[in-house]
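Keep the sequence and the 3D view open while reading.

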Amino acid sequence: MRARSRVRFGALFTAAAALASVLMPVANASAREPAPRTAVLDGQRLQQTKLRLDRGDPQLRRAVKDLTTRADAWLGQGPWTVVDKPKPAPGGDVHDYLSQAPYWWPTQPPTDDNPWGCPYEQRDGQRNPEVDTGTDRQDVEKVFDSTYDLTLAWYYTGKQRYAEKAASVLRTWFLDPATKMNPNLDHAQFIPCKYDGRAIGIIDFSQSYTSVVDAVAILGTGAPGWSKSDRSAMAKWNKDFLGWLVHSEFGKQESAAQNNHGTFYDMQVAALAYATGDTALARRTVLDARARRIDPQIAGDGSQPQELARTRSWHYSTFDLVAYTRLAAIGRHVGVDLWSHQGPDGQSLFKAVDYLLPAATGAARWPHPELEFHRFAASDVVHAAADAGNAAARKAVPDLETPPGGDLWALRPAAEQLDSITG
């Protein structure tokens, strides 16, 4: 009887061991893969999140469903290219990026002698629909958004089609000699009959190009369809673009901006520097942001005076904090804790987020001008502050408004601008 029991136990143990040998590689696959060397996102955290997902975390599975819904929508779109606009940028090179200033409007009806209706006048916060036709602005935003969604969908599901689509989008816009964009923004946010391009147009990229930088790092962990030559060519494009940002006259002007443009410029330079191996520049940029950005741009009560002066003060207050929280995330990689900085009047990123909390949670109305208030616009920056240790932000998280398309913070814990980006 004992011998028979031992035989049965041995058979059961063997079967269990065989089952474990099948299941364990799935559970441990994420742990064996290299963590992505992302600039804004925390690669180690992504790796841990993927492992939790492999183990069946139900909350993450709901978020992945929202993510793949977004990624699936991109599969039938694009790829996009700068060379297919109706006419090239003012310099005549079809490979140059072109966009039009969003808040500038014609003052005269168009005629044969004045086809644009010049001169143009500024109407802050009011988007001229002309900017969405005839330039690269809408297409480049699709490149940024689709690459990020598709890459994250591949990372968390392992489905090849997402990676291959992301690779196709990147190669078409940045790498293919016939369709690639030149690594400059010489003709961004031009104003008809006034300027062929402006330094302020750098924000067309700086507001979300770091998502592409991180997507490239994630694809570099072994994505199908993204080759070693693709990785090398993309690294060169990023290095050339960083050189243009640092050394061009437009780059220098944008660096001197004292509002969200300056913050986003720093964030973009730091991310590209880190991604291309210049950690000294990345670290110096984050360190300098303490006295150069936070101290003069955030008041002692946490308000952002330059952003409150806008007709869309809520949008721009959350917008600037997207740049700050992403810059703080880059700082983590280079040994700088931007969240802990306090200026001479008590200025800090935590205070800036705290200033938004009453409106972000719905506890109070936003007391400043805003043409198009969306409470969910603050959700990601509140998440970022909560993750950084802000007790008030942690308490506020359950009361945040879910953004359209779902809350993806658990899958990509880096702030995005969740309402419309208008320039």
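Pro-79 sits in the loop between helix 3 and strand 1 (104–106). The model is predicted.

**Backbone features in loops**

- A cis peptide bond also joins Cys-118 to Pro-119, again with omega near 0°.
- Pro-119 belongs to the loop between strand 1 and strand 2 (120–122).
- Gln-189 has a positive phi, near 50°, although it is a residue other than glycine.
- Gln-189 is in the loop between helix 5 and helix 6.
- Gln-189 counts as buried because its relative accessibility is 2%, and the cut-off for buried is under 20%.
- Cys-193 is placed in the loop between helix 5 and helix 6.
- The phi of Cys-193 is positive too, near 65°, and this residue is not glycine.
- Cys-193 is exposed, at 58% relative accessible area, where exposed means over 50%.

**Helix 5 and its surroundings**

- Helix 5 covers residues 160–175, 16 residues in total.
- From first C-alpha to last, helix 5 reaches 21 Å, close to the expected 22 Å.
- Its buried residues include Tyr-162, Ala-166, Val-169, Leu-170, Trp-173 and Phe-174.
- Lys-165 and Thr-172 are also among the buried residues of helix 5.
- The cover over the buried residues of helix 5 includes helix 3 (58–74), helix 4 (137–157), helix 6 (203–206), helix 7 (209–219) and helix 8 (228–247).

**Helix 4 against helix 5**

- The axes of helix 4 and helix 5 come within 8 Å and cross at roughly 150°.
- Helix 4 is therefore roughly antiparallel to helix 5, since angles over 145 degrees count that way.
- Helix 4 passes helix 5 in a left-handed crossing.
- On the helix 4 side, the contact includes Asp-139, Val-143, Leu-150 and Trp-154.
- On the helix 5 side, the contact includes Gln-160, Lys-165, Val-169 and Phe-174.
- The residues of this contact divide into twelve nonpolar, five polar and two charged.

**Helix 13 against helix 14**

- Helix 13 and helix 14 (residues 349–360) pack at about 140°, with axes 11 Å apart.
- That angle makes helix 13 oblique to helix 14.
- The crossing of helix 13 and helix 14 is left-handed.
- Helix 13 contributes Trp-314, Ser-317, Thr-318, Leu-321, Tyr-324 and Ala-328 to the contact.
- Helix 14 contributes Leu-349, Ala-352, Val-353, Leu-356, Ala-359 and Ala-360.
- The residues of the contact of helix 13 with helix 14 comprise ten nonpolar, two polar and no charged.

**Two arginines**

- Arg-326 lies in helix 13 (residues 313–333).
- Arg-326 counts as buried, at 2% relative accessibility.
- Beyond its neighbours within four places in sequence, Arg-326 is in contact with Val-40, Tyr-148, Thr-210, Ser-211, Met-267, Ala-414, Ala-415 and Glu-416.
- Pro-413 is 87 residues from Arg-326 along the chain, yet their C-alpha atoms are separated by 9.8 Å.
- Arg-231 lies in helix 8.
- Arg-231 counts as partly exposed, at 33% relative accessibility.
- Arg-231 and Ala-217 are 14 residues apart in sequence and 8.9 Å apart in space, C-alpha to C-alpha.

Conventions
Residues are numbered from 1 along each chain as its sequence is written. This is a predicted model: local features need pLDDT of at least 70, side-chain atom pairs count only at pLDDT 80 or more; totals for chains, interfaces and linings use all residues. Side-chain values use heavy atoms; hydrogens and water are left out. Helices (H or I, at least four residues) and strands (E, at least two) are DSSP runs, numbered from the N terminus. The expected span of a helix is 1.5 Å times one less than its number of residues. Buried means under 20% relative accessible area, exposed over 50%, partly exposed in between (1.4 Å probe, protein chains only). Contact means heavy atoms within 4.5 Å. Axes are lines fitted to C-alpha atoms, for helices over the stretch in contact, and angles run from 0 to 180 degrees between N-to-C directions. Angles under 35 degrees count as roughly parallel, over 145 as roughly antiparallel, 65 to 115 as roughly perpendicular and the rest as oblique. A crossing is left-handed if the near helix is turned anticlockwise from the far one by less than a right angle, and right-handed if clockwise. Ala, Val, Leu, Ile, Met, Phe, Trp, Tyr, Cys and Pro count as nonpolar, Asp, Glu, Lys and Arg as charged, and the others, Gly among them, as polar.
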